[in-house]
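Look over the model below.

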Amino acid sequence: MDTKSKKFRYSKWFKSIVILVSLFCVVSESVLMYKLSSSPSSLFSYDDFSVNSFVSTLSNSAYSDDPKCTFYQSDPFENTVSEYCKEIVDYCTIYKNIDYFKSGATIKTLMDNINNEYDDDWDKKSSQIRTTYINEYLSSFESETDADDSSDYDYYYEETTMAQSSQQKSYYDEKTAEQIVSLFPDDLKQRYEKELEYARQSIESARKANLENVQSEANYNFSRYTANLFSNLKSMTWIAVDKKTGEVYTNLGTIDKTDYESAVTGEGNCWYLVYKDYDSIKTPTIKCSINYDALRDSFSLYLYPRGKNSNSETYSLENILNIMCRNEMDVYLGLSKTFVSGELDSFKPADESTTQIQTFYESLQTHNENVNTAKRFLVETAVLFVSWIICLVILANAAGKTVQNEPKIKLCFVDKMWNDVHFILSLFLTAIILSSVGELTYSGFNISLTIGLPIAYLVFLEWLISVARNAKAHTYFSHTAINKLIVKPMKKFFSYVGDIRRLSTDTAHISKKIVYSVVSFIIVNAILSLLLSGFTNGNGVAYSITLFIFIAYNAFSIVYALKYLRSLNAIFDIIQKTKEGNFDIAVDMDAIPKSLKPLADDVTEMQSGMKIAIANAVKGERMKTELITNVSHDLKTPLTSIINYVDLLKRCELDNEKANQYLDVLSDKSLRLKILIDDLMEASKLSTGNVKLIPTAVNLYELALQAIGESEDMLEERGLTVKFAEPENQPIVFADGQKTWRIISNLIGNVKKYALENSRVYIDVDSDENYGIFSMKNISTNELNVAPETLTQRFVQGDEARSTEGSGLGLSIAKNLCELQGGELLIEIDGDLFKATVKLPLVNSIDKTAQQ
Amino acid sequence: MYNVLICDDDKAILDSIEIYLGVEGYNIIKAKNGIEALDAVKNNAIHCAVIDIMMPGLDGLTTTVKIRENQNFPIILLSAKSEDTDKIAGLNFGADDYVTKPFNPLELVARVKSQIRRYVNLGSAEKSDSQIVTGGLVLDTSSHEITLDGEPVHLTAREYGIMEYLMLNMGRVLSTAQIYEAVWNEPSFQTEKTVTVHIRRIREKIEINPKEPKYLKVVWGIGYKIEKI
C-alpha cells in the first residue's frame, strides 16, 4: 500500500468523515426502529413477507385457539380472509352434508352418520367432543321445544317475504344454475333436479301452509345466514379440499386439474392456500362444482334445524357445523393477478354491491403496503448496518496509526487511562446519557434520538477506538487497573517470596537471616503486645513478667541489631577502601558476628583476587615493554657486527672488482636494515601505546624553519627547492616537540624519496579555530595510484615496485604520532600532486577545553 | 699510548672495535662482561672505556657506577636502547657519552678520540676570562676562536656570531628570530631560514654526529641552545 493512500486514510478529516457517517447510520437506524415500534401496524409479525404463508397462518388462527394467533386479529386483511375462509368452509360443510340438511334428519342421525363416515380415523377425543356438542344441542332443543315465541311473528313474516322477493330477482340465475347443474355428475344432477323440484313444491306448499311451517324462526335465521354467506362467496374464486376424503369443492364454473394443481402447488400468483396440509390430497377426486345461487335457493327452503328459539338457532347451526368438522378442509383463494402485483389502485370492482371483495382487496392493499414498508425497512436496515460496520472497521484499522511513525502505534492521552477503568467509565457514561435523556420529546422533536443517542454513541466509539489502538499496540491487557494494581503486585510479591525461598548460597544466607530476624522480631513483639493487653486488667504479676520480657527482648534485639550494623559498616568500609585501591586492610574476623563471616570471607577473597589481577596487569605491561626492548637488542647486536665487518672488509682493498660491488650492496642494505629496525621498533611502541609524550607549547612556524634548515641541503641534493612563506600569525600548538619533529622529518623524508627531481616543494604553516596546520605539497615522481588512506597504513609505499629506501612505516608513524597528540594527518592526492597536512591542537584551544 | 677498555658480550663486536681503535694506535683491553671489565680497570691505567649496557652478569650501568667509585676516566656507553630516557639514565650513572647500536664505527672512534683528548688535556689548559667553556668546546671571545677538544674549529664570521650569541646565553633556548636579530643586527623578516641552515652547518663542524648533537641542541619548535656540560 502506498504512502499516499495511507496518508489519506490516516488523515484527521477522513477519520472525522467516517465517524460522522457511522453516526448517521446509527441515528438513522434508531429513527427507523423508533418509527416502526411506534407504528400501529404489526409489521414484524409477517412471516417471510409471503402472503401465502401469512394467509395460511391467519386461516389457522381463525379456527384454532392457538394463543399466538390472536396477535394478528387486528389486521383488517387477516380479518377479512379469516372471515372469508370461515364462510367457505361453512358453505362446503353445508354442501357436503346437504343430504342431512335436506332430509331434515335429526341431530342424532347426523351424529351417527358422521361417526359412521369417519369411524376409522376419527380420534376418540374429537368424537367425544362431538358427542358432547350433539348432546348439548339435543338437550337444549328438547328443553326449548315447548317454548313458543309468537311476538316476533310479524318480523319473521316480513323477512321471509323479502327473501322470497330476492328469490324472485334471481330467477334468471336458475338458468345458469341449470347450466352448472348440467355439468354435475349424473347422480348429483338427478338429485339436484329432484331437489329443485322438491324445493319448488315446498315453496308452493310453504306458501300454502301460510307460514305455519316455513316461517318458523329457525328457518328464517338459517336462510338469512346462508343468504348472506352465498352473496359473499359469489365474489371470490375458491377451492376447498376435504382433507379426509380428498373431495374438492369450488365455485369455479368448471374445474380442471390445472386449476387445482396451480392452487395446490402454489404456481402462479393467483392462488393462495388458506388452509394447510394439502400434501395428503395429491390425487383429488373432483366432487363437484357448485352454483351457490341455485343452491342458496334450495338451502333456504330445506336446510334448517328443527328449532324455534332464535338464540339457540344460531348456536345450533354453529354446533352442527362444528360437528360436521369444517376444519378438515384446505381452502385456496383465487386472487386476480392484478391484486397480487399490487396494482390495486387501478382495480375497480365491477359490481359495486360486492362489498366483501372490495373490503378484501382494500385490506390486501394495506397489507401489501405494510409488506413493502417492511421490505424497505429490511433493506434500509441492512444497508445502514453494513455501512456502519464498514465505518467501524475503517476506524479501527486507522486507529493510532500515523504515516510518520508507521508501523508503530501512537497512543493518545486517553489511552493513559487504564483500559478496564475506561470501559467501565464509558459504559457508565453511556448509560447515564441514555437514561437521563430517556424518552424525552419536545414538540415532536425526539431529544433522546437526536441528542442523547449521538453523544452516547460517540462515547462508545471513543472507547471502541481506544480498544483498537490498545489491541494493536498489544497493551490492552497489560494496561489495565486489574493488571497494574492486582496482578503485577501479586506477581512481584510472589517473585520476592520466591527469591527469598531460593536463597541458599552462603552470602545470600545473610539476607535470608535478616528477613527471618525482622519477621520473627515483629511476630514476637506482636505476641508480647497481645499478652500485655490481655494482662492489663488481670494478673499483676503476669503483667509485670510479660512487660519485663517485652522490654528485655526489645533491648536485646536493638543491641544485637546495632552490633550487627557496626560489623556490616566495617565490611562496607573495607569494600570502599578496596575500591579506592587499598587492598591491604583486612577484615577483622574476630569482631564479626558468625552470620556475617561468609561475607567477610568473600571480601577478603576479592581483595586478594584484585591484588593478583593488578600484579598480573603490571607484569604484563612490563613484559610487553621488555619484549620490545629485547627484540630490538637481539636484532641490533648482530646488525652492529654486520655493519662493522662490512666496513672492515671494504678497507681490505680487495682486488676483485665484483667483490667490491657486492660489498657496496651489503653496506647499503645493512644500513637500510638499521633504519627498518628503528622504524619497526618505533611503530610497535606507538601501536602498543608505549610512548611517553612531553607536550609543551611549540611554535609550528619555528619548527618548520628548523625542519627546513635541517633538511634543505638534503633536498637540494635532489634539486628540490623549498618554498616557504611566513604566515600572518605563528600558531602555537600543544605538542611534544621531539615527536612533532619526527612527524615532519618523516614527511620530508617522504618528499626526498618520492618528489620529482628539480621540482618545488611548498611548505605552509597556518591555523584554524582549534588547530595549527603544517602542510607540504610536492609533485610525485611516480604515479600515485593508491588511495590516500592506505598510504598511512603500515608497510605501504606509493610505488608498487617498493622503493629501496624507507621502511614503509614513515607515514604510519607520523599518523600515529599526530593522533596521539590529539591532532590528525591528512593525505591528499590530486593527480601527481601529493599533499600532507598535519593538524595539531592549538594551545589556546587546549586552554579553552581545560577551562571548560 | 693510551689504554682503551672495551667491554661487550658479543665477541664479533669486541673484535671489530679492537680493529678500528687499534688502527688509531690505541692499546686495547678487552672484557667480555662487567666483572672482567672491573678486573681490567684494577690492573691497568685506563684512559677511556667503551661499555655495552646489556650484558649478562654485571650490566653496563652497574659497571659504570662501580668504576666511578674510584676512577675518573671517560666512559662511553654502548647500547641497543635508543630511548632518550636510557641515555639520560646512562649519563646520570656517570657515563660521559652514549652511542647506540648499530653504530658507525668511525663515529665511535671519533668519540673515543674526543674523550681521550679532553681527559688527557683536562686541567692542563688554562681558562682565561675571555673563554666560555662547555665540555670540550671552548670559545674565546677575544681571539674569536672556537676550539673543540683542543683543536680549532673553522667557522665563518656568521657562524662564529651565532656560536658566540648562543654560548653567551648558554643553557637558554633562543629562537631563530632572536638569533637573527642579534647576529645580523637587523629585524627578522622571512629570513630566519638562513639561521637554521647556518646552525646545521655549525653542527656539522662541532658535533661528531650532527644528528645527535652534544653541544648545539635543537629544541624543536622553540629554538636552539648550547648545552652546559
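## A salt bridge in chain B

B:Lys113 is partly exposed, because its relative accessibility is 31%. This is a predicted model. The side chain of B:Lys113 meets that of B:Glu24 in a salt bridge, 3.1 Å from N to O. The pair links distant parts of the chain, 89 residues apart. B:Lys113 sits in helix α5 (residues 105-121) of chain B. B:Glu24 sits in the loop between α1 (11-23) and β2 (27-31) of chain B. B:Glu24 also counts as partly exposed, with a relative accessible area of 36%.

## Salt bridges in chain A

Over all chains, the count comes to 28 salt bridges. One of them joins A:Asp678 to A:Lys636, with the closest N and O atoms 3.4 Å apart. A:Asp678 lies in helix α23 (residues 657-687) of chain A and A:Lys636 in helix α22 (residues 597-651) of chain A, so the pair ties together parts that are 42 residues apart in sequence. A:Asp678 is partly exposed at 29% relative accessible area. A:Lys636 is buried, at 2% relative accessibility.

A:Asp679 has a salt bridge too, with A:Arg742, at 2.8 Å from N to O. This pair links helix α23 of chain A, which holds A:Asp679, to helix α25 (residues 737-754) of chain A, which holds A:Arg742. The two residues are 63 residues apart. A:Asp679 counts as buried, at 9% relative accessibility.

## A network with both chains

A:Lys484, A:Lys488, A:Lys491 and A:Lys492 form a positive surface patch. A:Lys484 lies in helix α19 (residues 481-502) of chain A. Its relative accessibility is 34%, so A:Lys484 counts as partly exposed.

There is also a nonpolar patch on the surface, with about 740 Å² of accessible area together. It is formed by A:Ile482, A:Leu485, A:Ile486, A:Val487, A:Met490, A:Phe493, A:Phe494 and A:Val497. A:Leu485 is found in helix α19 of chain A. A:Leu485 counts as exposed, at 52% relative accessibility.

## Cysteines

How many disulfides are counted over all chains? The count comes to 0. For A:Cys391, the nearest cysteine sulfur is that of A:Cys25, 5.2 Å away. A disulfide needs the sulfur atoms within 2.5 Å, so A:Cys391 is in no disulfide. A:Cys391 counts as buried, at 6% relative accessibility. A:Cys818 is buried as well, with a relative accessible area of 0%.

Methods
Residues are numbered from 1 along each chain as its sequence is written. Chains are lettered from A and ligands numbered from 1 in the order in which they are written. This is a predicted model: local features need pLDDT of at least 70, side-chain atom pairs count only at pLDDT 80 or more; totals for chains, interfaces and linings use all residues. Side-chain values use heavy atoms; hydrogens and water are left out. Patches are made of residues with over 30% relative accessible area and no salt bridge: like charges are joined within 9 Å, nonpolar side chains (Val, Leu, Ile, Met, Phe, Trp, Tyr) within 5 Å. Accessible areas come from the Shrake-Rupley method with a 1.4 Å probe; for residues, only the protein chains shown count as cover. A salt bridge is a side-chain nitrogen of Lys or Arg within 4 Å of a carboxyl oxygen of Asp or Glu. Lys and Arg count as positive and Asp and Glu as negative; His and the chain ends are not counted. The place of a charge is taken as NZ of Lys, CZ of Arg, CG of Asp or CD of Glu. Helices (H or I, at least four residues) and strands (E, at least two) are DSSP runs, numbered from the N terminus. Buried means under 20% relative accessible area, exposed over 50%, partly exposed in between (1.4 Å probe, protein chains only).
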